[in-house]
Amino acid sequence: MQGRSPQLSMELNRLLLLTSFLLHVKEDHASPTRLVCDNRLIQKYIAEAKDMEKRVDQCQALPALSCPAVLPLVDFTFQQWKSKSNETKRREILCDLALLVGAAAGAQGQVSDECGARQLSQLYRHANSFFLLLQTFSWEAGHWEQSCSPHSMEQTHVTSIFLTYRKLVQGKLRFFFHDLAKVLCKQGQGDGRDPPCGA
């Protein structure tokens, strides 16, 4: 039996990544295509990010992290974002998510408070789910490797992790899924307009 072609191997790897994603998220999380094409879903995840940020603010006296969390700088200008290819955007967000997942995991080991630990666990699951999902979308051959050096900052406040995650979901991820919808979704499923920057 002949070996698999590189293209077939790449498609099988994508399928495995997609299967891994679906196994790691809650049942109410949607399929990747639906997530991209149904704008209501990304709005749902933005609302969840805001809710996590609000809940962790209500936790009592969270201690400063003895080992600072390294967080990505996720602010961007709309004009710069529009000038990038979808693959560049995807890789940039993957780098941001990799830092966020690592920051949440590191903070979990330092926070003993049940309230804070519960919110960190939820944030870790959500960020890791998006991290796995974005690896299933690629316009270039080969695997994504963490060979990036995103702009980052060190923070000792647990709440900064939630702020950064919310800004990433509300900003880059929302615009990226909007851009993907123009490519992947059937005509008529979206209105084709760019999402408002302040939503």
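What is the handedness of the crossing of helix 5 and helix 7? The crossing of these two helices is left-handed, a term used if the near helix is turned anticlockwise from the far one by less than a right angle, and right-handed being the term if clockwise.

The structure is a predicted model, in which local features need pLDDT of at least 70 and side-chain atom pairs count only at pLDDT 80 or more, while totals for chains, interfaces and linings use all residues. Residues are numbered from 1 along each chain as its sequence is written, and side-chain values use heavy atoms, with hydrogens and water left out.

The predictor's confidence in each residue is given by pLDDT, from 0 to 100. The protein averages a pLDDT of 79, and 70% of the residues score at least 70. Confidence is lowest in helix 1 (residues 6–24), at a mean of 49, and highest in strand 1 (residues 69–72), at 94. Helices (H or I, at least four residues) and strands (E, at least two) are DSSP runs, numbered from the N terminus. Over residues 16–29 pLDDT stays under 50, and the model has 20 contacts beyond four places in sequence for this stretch; contact means heavy atoms within 4.5 Å. Residues 187–192 also stay under 50, with three contacts beyond four places in sequence. Where pLDDT is low, the predicted coordinates should not be read in detail.

The axes of helix 5 (residues 86–108) and helix 7 (residues 158–184) come within 11 Å and cross at roughly 155°. Helix 5 is therefore roughly antiparallel to helix 7. Axes are lines fitted to C-alpha atoms, for helices over the stretch in contact, and angles run from 0 to 180 degrees between N-to-C directions. Angles under 35 degrees count as roughly parallel, over 145 as roughly antiparallel, 65 to 115 as roughly perpendicular and the rest as oblique. Residues making the contact include I93, L97 and L100 of helix 5 and L168, L173 and F176 of helix 7. By class, this contact has twelve nonpolar, two polar and six charged residues. Ala, Val, Leu, Ile, Met, Phe, Trp, Tyr, Cys and Pro count as nonpolar, Asp, Glu, Lys and Arg as charged, and the others, Gly among them, as polar.

Helix 7 also packs with helix 6, at an angle of about 30° and with the axes 11 Å apart. These two helices are therefore roughly parallel to each other, and their crossing is left-handed. Among the residues in contact are L123, A127 and F130 of helix 6 and F162, Y165 and V169 of helix 7. The contact holds 14 nonpolar, two polar and no charged residues.

Helix 6 packs with helix 3 at an angle of about 155°, with their axes 10 Å apart. Helix 3 is therefore roughly antiparallel to helix 6. Helix 3 passes helix 6 in a left-handed crossing. The contact involves Y45, E48, M52, R55 and V56 of helix 3, and residues including C115, H126 and F130 of helix 6. Six of the residues are nonpolar, three polar and two charged.

The structure holds six aromatic pairs. One of them, Y45 with F130, is edge-to-face, at 5.7 Å centre to centre and 85° between the planes. Y45 lies in helix 3 (residues 39–57) and F130 in helix 6 (residues 114–134), so the pair ties together parts that are 85 residues apart in sequence. Rings of Phe, Tyr and Trp (its six-membered ring) pair if their centres lie within 6.5 Å; planes under 30 degrees apart count as stacked, over 60 as edge-to-face and the rest as tilted.
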